[in-house]
Amino acid sequence: MQVFPFIVVAWIIGVGLYGIATSRNLIHQIVCLIVVQSSTYVLLLGVGYVTGAVAPYFYDVPVHTPAVDPVVQALALTDVVVEAAVTALLLAIAIQAHKRFGTLDPHELAEFKG
Amino acid sequence: MFFAGAAGLVAFYLWGLLGLPGFGNYPGPYGPAILRVAVAQTQATGVVSAVNFEYRGFDTVGEEFILFTAAAGTAIVLRMLRGEGERSPVDEARDRDAPPTSNAVRTIALLFTGPVVVVGWWLASHAQTNPSGGFQGGVVLATAFILIYLAGAFLTFSKLSPTDVTDAVEAAGAGGFAAVGLAALFTGLPYLYNYLPLGQIPGAVSSSGTIALISFFVGLEVAAAFLLIVSELLEQTLLIRHGGR
């Protein structure tokens, strides 16, 4: 069994989670969250991959050519868009937290009550 | 503490991994089933778009509204707070040597604006043909407005993309998608049923019925949502100041 893609997934999740756990800056934590999420793209596309198959587009190849799974590709596509929008929302919240409390350090922010 | 948690995660991950099919021989029933019937059923050669806008159309409606909510949430979080006013930034170091936008940046940004709009529309309108669609096209369309911001001043940018219009376009995009689905209900068909003529040639722009239409609305929605987010962030940086005007 070829496991290399799944090791990559575990590595990306691990690096991102380590960043979130140790970071002392909200912006940096949000970037780490993006890293964690990007592991889902690798996992989705890795699960749906079929050796020797083409992309699921039949514009210039015959219709019954073996192709990789289109469902996980559609999931990855919506994943990307949602991630971008949610990141914007998180960054907006970070801006307002900095404005209100003057710090982006999650340890110091925990001492304030909204 | 972290490493104890990480060890637990690794254990769970390995456990999950053992249940997965090996890399490169995906056996799942859905993908191959859709690949067998999609082109014949929808006349769309882009099967990913067919999955997004047809087979999983209902999920995509939900996903569309996540995007809508995130954009609205950003606008609400970045509203003008009490004790804040809008004014242009005052240069506090007047004697420093601040270079104006160079002519090279301006020219290149303006040169790219037209092609970027064309590419965006092309992507948004070819979902049924090739690896494109409303999501990708919408993001590219929003980029055109950001190029205008790069080329000129913020005020030109906000004049070209007034928030009222962006809001309306975003709502039209999200509502249009839902309405395409609802229209099927009125004729007694299931929600999001593909009721438009499918065309004869697989992969032609005019084929695939509602897939193309929904992709168009998604393009509008995504472009407007990203434009709204970018202009809210720019407004926050450039206009809103603590302590009034």
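This note walks through some features of the structure, point by point.

1. **Ground rules.** This is a predicted model, in which local features need pLDDT of at least 70 and side-chain atom pairs count only at pLDDT 80 or more, while totals for chains, interfaces and linings use all residues. Residues are numbered from 1 along each chain as its sequence is written, chains are lettered from A and ligands numbered from 1 in the order in which they are written, and side-chain values use heavy atoms, with hydrogens and water left out.

2. **Chain B as a whole.** Start with the layout: chain B has 9 helices and 2 strands, in the order α-α-α-α-β-α-α-α-α-α-β along the sequence. Helices (H or I, at least four residues) and strands (E, at least two) are DSSP runs, numbered from the N terminus. Of the 245 residues in chain B, 42% are buried; buried means under 20% relative accessible area, exposed over 50%, and partly exposed in between (1.4 Å probe, protein chains only). Among its contacts (heavy atoms within 4.5 Å) between residues at least 6 apart in sequence, 73% join residues at least 24 apart.

3. **A stacked pair.** The structure holds 5 aromatic pairs over all chains. Rings of Phe, Tyr and Trp (its six-membered ring) pair if their centres lie within 6.5 Å; planes under 30 degrees apart count as stacked, over 60 as edge-to-face and the rest as tilted. B:Phe53 and B:Phe135 are stacked, at 6.2 Å centre to centre with 20° between the planes. B:Phe53 belongs to helix 3 (residues 47-55) of chain B and B:Phe135 to helix 6 (residues 134-151) of chain B, so this pair ties together parts that are 82 residues apart in sequence. Both B:Phe53 and B:Phe135 are buried.

4. **An edge-to-face pair.** The ring centres of B:Phe65 and B:Phe68 are 5.9 Å apart and the planes meet at 65°, so this pair is edge-to-face. Both residues sit in helix 4 (residues 57-77) of chain B, 3 residues apart, about one turn of the helix. B:Phe65 is partly exposed at 33% relative accessible area, and B:Phe68 is partly exposed at 27%. Elsewhere, B:Trp121, B:Phe216 and B:Phe217 form one aromatic cluster.

5. **The nonpolar cores.** A nonpolar core is a set of buried Ala, Val, Leu, Ile, Met, Phe, Trp, Tyr and Cys residues joined through side-chain atoms within 4.5 Å. The largest has 27 residues, and those with the most contacts inside it are B:Phe53, B:Leu67, B:Phe135, B:Ile214 and B:Val218. Two or more residues come from each of helix 3 (70-101) of chain A and helix 3, helix 4, helix 6, helix 8 (163-186) and helix 9 (210-238) of chain B. Helix 9 of chain B gives the most, with 10 residues. Leaving aside residues up to four places away in sequence, B:Val218 touches B:Phe53, B:Glu64, B:Gly134, B:Phe135 and B:Phe177. A second, separate core of 12 residues includes A:Ala67, B:Ile34, B:Val47 and B:Val51.

6. **Helix 3 of chain A.** This helix has 32 residues and should span 46 Å at 1.5 Å a residue, which agrees with its end C-alpha atoms being 46 Å apart; the expected span is 1.5 Å times one less than the number of residues. At its start, a side-chain oxygen of A:Asp69 reaches to within 3.2 Å of the backbone nitrogen of A:Val71. Just after the helix, A:Gly102 takes a positive phi of about 75°.

7. **Salt bridges.** There are 2 salt bridges over all chains, each a side-chain nitrogen of Lys or Arg within 4 Å of a carboxyl oxygen of Asp or Glu. In one, the closest N and O atoms of A:Arg24 and A:Asp105 are 2.9 Å apart. A:Arg24 lies in the loop between helix 1 (4-22) and helix 2 (26-48) of chain A, and A:Asp105 in the loop between helix 3 and helix 4 (106-109) of chain A, so the pair ties together parts that are 81 residues apart in sequence. A:Arg24 is partly exposed at 48%, whereas A:Asp105 is buried at 10%. B:Arg56 forms a salt bridge with B:Asp59, with closest N and O atoms 3.2 Å apart.

8. **One buried serine.** B:Ser49 is in helix 3 of chain B and is buried, with a relative accessible area of 3%. Not counting residues up to four places away in sequence, B:Ser49 touches B:Glu54, B:Ala127, B:Ser132 and B:Ile211.

Conventions:
A polar contact is a pair of N or O atoms within 3.5 Å; within protein, one must be able to donate a hydrogen and the other to accept it, and residues adjacent in sequence count only if both atoms are side-chain atoms.
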